[in-house]
Amino acid sequence: MAVFWQNQMQEMEQGNMDFKYHQLPLARIKKIMKSDEDVKNMMISGEVPILFSKACEIFILELTLRSWIQTEENKRRTLQKMDVSSAVSKSDMYDCRKFDDSFD
């Protein structure tokens, strides 16, 4: 995981990113952002969906890597739903319950 984050930081610091190409569709991201009642009637700056897109991309990459580690620990070559679930449960970062007491 340390190598993953070092690579992400290095990529950001180099600034070689092409902001015209996005892994995730910006219109969809903007639609998701507008689904929040607090944001619905507000204008969204053009940079915000781009930054949100990059954040989502990194989140997906990290979760996939953590899930793949679980797959390899179980000596398999096929990523399964239980690998994703296990990766989430083993990481404090993805434990939403500690931020929201309504689950208790």
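## Salt bridges, surface and pocket

Glu 73 is partly exposed, because its relative accessible area of 48% falls between the 20% limit for buried residues and the 50% limit for exposed ones. The model described here is predicted.

### Salt bridges

The structure contains six salt bridges. Side chains of opposite charge can pair when their charged atoms come close.

| Pair | Closest N and O atoms |
|---|---|
| Arg 66 and Glu 62 | 3.0 Å |
| Asp 83 and Arg 76 | 2.5 Å |
| Lys 90 and Glu 73 | 3.8 Å |

In the pair formed by Lys 90 and Glu 73, the closest N and O atoms are 3.8 Å apart. Lys 90 is exposed, because its relative accessible area of 56% is over the 50% limit.

The pair of Arg 66 and Glu 62 is placed otherwise: both residues lie in helix 3, four residues apart, about one turn of the helix. Arg 66 has a relative accessibility of 21% and therefore counts as partly exposed. Glu 62, with a relative accessible area of 3%, is buried, since the value is under 20%.

Asp 83 and Arg 76, whose closest N and O atoms are 2.5 Å apart, are both buried.

### The largest pocket

Rolling a probe the size of a water molecule over the atoms shows where empty space is left. The largest pocket holds about 260 Å³ of space. Its lining is made up of 14 residues, and those nearest the centre are Met 17, Asp 18, Tyr 21, Lys 54 and Glu 57. Two elements, helix 1 and helix 3 (47-73), each give two or more residues to this lining. Helix 3 contributes the most, with five residues. Sorted by class, the lining comprises six nonpolar, four polar and four charged residues.

### Surface and loops

A nonpolar patch on the surface is formed by Met 1, Trp 5 and Ile 69, which together have about 230 Å² of accessible area. Trp 5 is located in helix 1, which covers residues 2-14. Its relative accessible area is 34%, and Trp 5 is therefore partly exposed; this value is also over the 30% required of a patch residue.

Lys 75, in the loop between helix 3 and helix 4 (81-89), has a positive phi of about 55 degrees although it is not a glycine. Lys 75 is exposed, with a relative accessible area of 76%.

Asp 36 is found in the loop between helix 2 (26-34) and helix 3. With a relative accessible area of 38%, Asp 36 is partly exposed. From Asp 36 to Pro 49 the distance is 14 Å, C-alpha to C-alpha, and the two residues are 13 residues apart in sequence.

Methods:
Residues numbered from 1 in each chain as written. Predicted model: local features only at pLDDT ≥ 70, side-chain atom pairs only at ≥ 80, totals over all residues. Heavy atoms only, no water. Patch = residues over 30% accessible without salt bridge, like charges linked within 9 Å, V, L, I, M, F, W, Y side chains within 5 Å. Areas by Shrake-Rupley, 256 points an atom, 1.4 Å probe, with all protein chains shown as cover. Salt bridge = Lys/Arg side-chain N within 4 Å of Asp/Glu carboxyl O. Buried < 20%, exposed > 50% of the residue type's maximum accessible area, 1.4 Å probe, protein only. 1 Å grid on protein atoms, 1.4 Å probe; cavity = no way out; pocket = protein on both sides within 12 Å on 5 of 7 lines; lining within 4 Å. Points joined across faces, edges and corners; volume = space filled by probe spheres on them. Nonpolar A, V, L, I, M, F, W, Y, C, P; charged D, E, K, R; others polar.
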